[in-house]
Amino acid sequence: MKKCIAMLLVVLVSITMFAGCASKPALEPSNSGDSQKATEAPKASGEKTGKTITIKVAHGAPEDHSSHAGWIKFKEVVEAESKGTMAVEIYPNQQLGGDREIMEGCQLGNITAGQSSSAPVASFEPSFFVLDIPFLFKSRQQVYEILDGEAGKALLKNLEAKKLKGLGFSENGFRNLTTSSVAVRKPEDLKGMKVRTMENAIHIATWKLLGANPTPIAFGELFTALQQKTIDGQENPFELIYSTKLHEVQKYAIDTQHIYSPLVIVMNIDFYNGLSEENKKIVDKAAKESIELQRSIAAENEQKAKEKIKEKIEVIELTDAERDAFRQMTKPVIEDVKAKAGTEIVDIFLNATK
Ligand code: TK8
C-alpha cells in the first residue's frame, strides 16, 4: 500500500513539474538563453536577484533588424565578461511598448536599458531636437565622428538629469519617404499629403514647411494606418521599412535621406550607478561593442533592404538638385530647433557638420 502511495506521489510531482515547464510564459525574453518567465524587472540601483544581476532590455524593432543583433552582442559581452554574475533579458519588437514607453520605463527602472530613435527622446531632453535638423549630416562617417565625439557626449550627459544614463548612439539610419499614391520628386508633390511623423515638433514643422499635412502616430500603429489609408505616407530608414513590411502597403519609396536617425542607447541611471566599478566598465564595453556591430550591420542592410523594396515597389532616386529643393524648403525650421534645443548645442552641431 505504502509503495502505491509513493508511486502516486512521484507521478503527481512529475506531472506538476512537466506542466510547469511546458506552460508558455506570458512574456518570453527573446534569445535570452532560458525560458525564464518575465519577472518584474529588478528595481534600479543594481538590485541583485539572488547571485545574478538581471538587465531587462527593451527595444521597438523586429528581431531581424540590426538593432536586435546589437542587443544580442550586448548580452553576450555582459554575460561573458561578468562570468554570469550579470544576465541580460531582451524584449524586442515593442513587447514592452514603443520608444516613448521604453524611455519612460528606463526612467522608472521597470525597464533597465533600451533604445529609442532620437526624435522621441527630445520630448524628455530638448537638446536632442538638434538631431532633427533636416539634412544636418552628410554621411555616416560624419555622424559617427560627431556622435562619438564631444558633441554627442554632451547630449548623452544631458540625459542624466532625466534619470537616464546615455550609453551611446546606434543606428536607425537616414530616413526616406514612402507614399501610397504619389511619385514624389519635388516638394510641391507633397501638397496636403497626410505624412505620418514621429511625435516630435520639429519633424511636424519640417513636413508642414514642405506643404504636407504631418500626422504624428506611434510606430506600433503605423502599418495599420497605412493599410487602412488613414494616412498617405511615412518616413523611415530602408532597413526598418523593409523589416516591418511598410513597403507592402505603399506604392513608392523616395530616397529623400532627409534626416539621420540615431538610436539612443540608455540605461536607468540609478541601476547603472548602483553597479560596481567593474560592472560599470563591463556595461560600457558591451554597449561600445554592441554599437560597433550594429552600425556595421545597419549600413550593410540599408542597401540590401533598398534592393528588396525595389522588388516590390518603385524606388525613386532623387538627383542632388531634386534633393536640394527639399533641403532649401526646410531651412527655416532651424529657428524652431534653436528655440527648443538652445542656440549653443545647435551652433556646435552646425559648425561640426559644415
Ligand atoms: C522603432 C522606432 C522607429 C522610428 C519611428 O521603435 O517611430 O518611425 O523611426 O524606428 O524607433
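**Strands, helices and confidence**

Trainee: In which sense do strand β3 (residues 113-117) and strand β10 (residues 260-268) pair, and over how many bridges?

Mentor: Helices (H or I, at least four residues) and strands (E, at least two) are DSSP runs numbered from the N terminus, and two strands pair if DSSP finds at least two bridges between them. Here β3 and β10 pair in the antiparallel sense over 5 bridges. Within this pairing, Q115 has I265 of β10 as its bridge partner.

This is a predicted model, in which local features need pLDDT of at least 70 and side-chain atom pairs count only at pLDDT 80 or more, whereas totals for chains, interfaces and linings use all residues. Residues are numbered from 1 along each chain as its sequence is written, and side-chain values use heavy atoms, with hydrogens and water left out.

Trainee: What is the strand order of the open sheet, and which strands stand at its edges?

Mentor: The 5 strands are arranged as β2-β1-β3-β10-β4, with mixed pairing. The edges are taken by β2 (86-91) and β4 (164-174); each has a single partner strand, so one side of each lacks a neighbour in the sheet. From one strand to the next, the twist averages 20°.

Trainee: Which strands does helix α2 (residues 66-81) lie across, and which does helix α3 (residues 99-108) lie across?

Mentor: Angles run from 0 to 180 degrees between N-to-C directions, and axes are lines fitted to C-alpha atoms, for helices over the stretch in contact. Contact means heavy atoms within 4.5 Å. Helix α2 lies across β1 (53-58), β2, β3 and β10, and runs at about 165° to β2. Helix α3 lies across β1, β3, β4 and β10, at about 145° to β3.

Trainee: At what angle do α2 and helix α11 (residues 277-312) pack?

Mentor: Angles under 35 degrees count as roughly parallel, over 145 as roughly antiparallel, 65 to 115 as roughly perpendicular and the rest as oblique. The angle between α2 and α11 is about 155°, with their axes 8 Å apart. α2 is therefore roughly antiparallel to α11.

A crossing is left-handed if the near helix is turned anticlockwise from the far one by less than a right angle, and right-handed if clockwise. α2 passes α11 in a right-handed crossing. Among the residues that meet are W71, F74 and V77 in α2 and I282, L293 and I297 in α11. By class, the residues of this contact comprise 12 nonpolar, 6 polar and 4 charged; Ala, Val, Leu, Ile, Met, Phe, Trp, Tyr, Cys and Pro count as nonpolar, Asp, Glu, Lys and Arg as charged, and the others, Gly among them, as polar.

Trainee: How do the axes of helix α6 (residues 150-158) and helix α14 (residues 343-352) cross?

Mentor: These axes come within 10 Å and cross at roughly 150°, and α6 and α14 are therefore roughly antiparallel to each other. The crossing of α6 past α14 is left-handed. A151, G152 and L155 of α6 make the contact with I345, I348 and F349 of α14. This contact has 5 nonpolar, 1 polar and no charged residues.

Helix α13 (residues 333-341) also packs with α14, at an angle of about 125° and with axes 7 Å apart. α13 and α14 are therefore oblique to each other.

Trainee: Where does pLDDT stay under 50?

Mentor: pLDDT is the predictor's confidence in each residue, from 0 to 100. The chain has a mean pLDDT of 90, and 86% of its residues reach 70 or more. pLDDT stays under 50 over residues 10-27, with 8 contacts beyond four places in sequence, and over residues 31-46, with 36 such contacts. Where pLDDT is low, predicted coordinates should not be read in detail.
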